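Please walk me through this protein model.

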Amino acid sequence: MLQLSPRESAEFITKHARDVKVSTVGVKKLADKIQEVFSKQEFTIKSWKEHELNPKTMDNKAIDWIFFTDSLNFSFWGEDENKQCKITFNNKSYSGWWAFCAAVNRALKEGIPSCDPKYYSAMTEEQLKYILRSDTEIEMPLLEKRLYVAHEVGNVLIKRFGGSFVNCITQCEESAQKLLKMITENFPSFRDEADFMETRVSFYKRAQILIGDIWGCFEGKGLGTFTDISSITMFADYRIPQVLVYFGALEYSEELLHRLESDDILESGERYEVEIRGCTIWAVELVCKELEERIKDGTSIQVFQVNPILVDHFLWDYCRGHNDKMKTIPFHKTRSIYY
């Protein structure tokens with residue numbers, strides 16, 4: 001069966017999608033907003049490190065943190081928006097993805113080597129449960145799967161890469177695509193793929209966000225130097241489609257909207273889910289293309305850096321920061337280790 005890259009998959013899925021449409025008008029509207037923010041230098045590669053929970057250093061310890069957290073970067077949504085897993089770190093309460101990061105940082109502060117593959121490759125369910133303990137009665141979902149993935153990636157690192165993801169990076173000669181291939185070939189839990197129209201498509205959300213986070217942490221320098229970083233697509237999850245619908249860049253059929261509003265769980269790999277994720281990637285690709293053309297022809301007031309990673313970061317932060325505006329837009333719910 002033909003295997004497509006995430007970008008190829010996105011174009012193919014968008015071309016054949018029945019219930020999700022990428023709107024050119026919405027793409028241009030979103031490009032206007034991003035141009036406004038990026039031109040003022042309000043959002044750059046340095047923005048990644050501005051979040052209080054992300055590493056501030058550019059060293060091997062930062063790589064260890066990024067690899068472990070992105071290995072377990074999946075399925076944080078709660079069954080009830082009003083009842084969530086919340087974790088406090090440095091007197092601040094976090095939910096969702098940031099709750100997980102807070103839990104890892106809390107463990108490190110307590111002296112637990114949570115980002116050391118020697119530790120997490122063999123840690124017990126009780127140890128992981130303690131690290132991820134919630135301040136509410138709602139625990140972080142998929143504990144058993146998180147433990148399984150931690151064991152898998154930790155053991156692969158130890159057996160094949162000398163116990164450090166740094167060794168994976170240095171073998172890839174500053175190529176994001178080589179690193180992506182190494183990740184998906186060696187770590188099975190990163191193989192985020194599906195079958196669509198008799199074609200094998202890929203999204204590689206966690207593998208690509210791992211590369212994107214390294215690039216952001218190191219500001220595109222040192223271990224974060226990737227000469228082909230723009231070949232990495234956005235990270236297809238459940239939140240970015242919501243903000244794309246808000247801007248009109250994505251449009252859902254009545255049938256799909258009804259399914260989402262009914263709060264049905266979409267299975268990983270089913271047609272609706274594949275169409276949403278594929279069209280999400282392609283919409284961001286078109287936004288980047290629109291912005292790049294504006295930079296080239298001089299219609300952009302100020303030249304700025306743009307690629308799918310930065311657009312993804314902006315959209316994810318925008319969704320979190322304007323949650324009240326997004327409440328009427330349903331997002332798809334899928335319990336999966338892939339996002």
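This is a predicted model: local features need pLDDT of at least 70, side-chain atom pairs count only at pLDDT 80 or more; totals for chains, interfaces and linings use all residues.

Residues are numbered from 1 along each chain as its sequence is written, and side-chain values use heavy atoms, with hydrogens and water left out.

Start with the whole chain. It has 15 helices and 6 strands. Helices (H or I, at least four residues) and strands (E, at least two) are DSSP runs, numbered from the N terminus. The C-alpha atoms fill a box of roughly 50 × 45 × 45 Å, taken along the principal axes.

Next, look at the cover. Of the 339 residues, 58% are buried. Buried means under 20% relative accessible area, exposed means over 50%, and partly exposed lies in between (1.4 Å probe, protein chains only). The accessible surface of the chain comes to about 14800 Å², and 50% of it belongs to carbon and sulfur atoms. These areas come from the Shrake-Rupley method with a 1.4 Å probe; for residues, only the protein chains shown count as cover.

Among contacts with a separation of 6 or more, 75% are between residues 24 or more positions apart. A contact means heavy atoms within 4.5 Å. As for charge, the mean positions of the 43 positive and 52 negative charges are 3 Å apart. Lys and Arg count as positive, Asp and Glu as negative, while His and the chain ends are not counted. Each charge is placed at NZ of Lys, CZ of Arg, CG of Asp or CD of Glu.

Now turn to helix α3, residues 60–71. Its 12 residues reach 16 Å from first C-alpha to last, close to the 16 Å expected at 1.5 Å a residue. The expected span is 1.5 Å times one less than the number of residues. How many of the 12 residues of α3 are buried? The count is 9, and the helix is mostly covered.

Helix α13 takes in residues 271–297. Its 27 residues should span 39 Å, and its end C-alpha atoms are 39 Å apart, which agrees. It is mostly covered, with 19 of the 27 residues buried. Just after α13, G298 takes a positive phi of about 85°.

For N90 the angle is about 50°. N90 sits in the loop between β2 (86–89) and β3 (92–95), and at 49% relative accessibility it counts as partly exposed. For L142 the angle is about 55°. L142 lies in the loop between α6 (125–131) and α7, and it is partly exposed at 22%.

T184 is in helix α9, residues 176–186. Is T184 buried or exposed? With a relative accessible area of 9%, T184 is buried. Leaving out residues up to four places away in sequence, T184 touches F190, R191, Y204 and A207. The C-alpha atoms of T184 and Y204 are 7.9 Å apart, although 20 residues separate them along the chain.

K33 belongs to helix α2, residues 24–39. It is partly exposed at 24%. Beyond its neighbours within four places, K33 is in contact with F247, F314 and Y318. K33 and D312 are 279 residues apart in sequence and 13 Å apart, C-alpha to C-alpha.

K83 is in the loop between α3 and β2. At 45% relative accessibility, K83 counts as partly exposed. It touches E137 and I138, not counting residues up to four places away in sequence. E261, found in helix α12 (residues 254–261), counts as exposed at 55%. Its C-alpha atom is 37 Å from that of K40.
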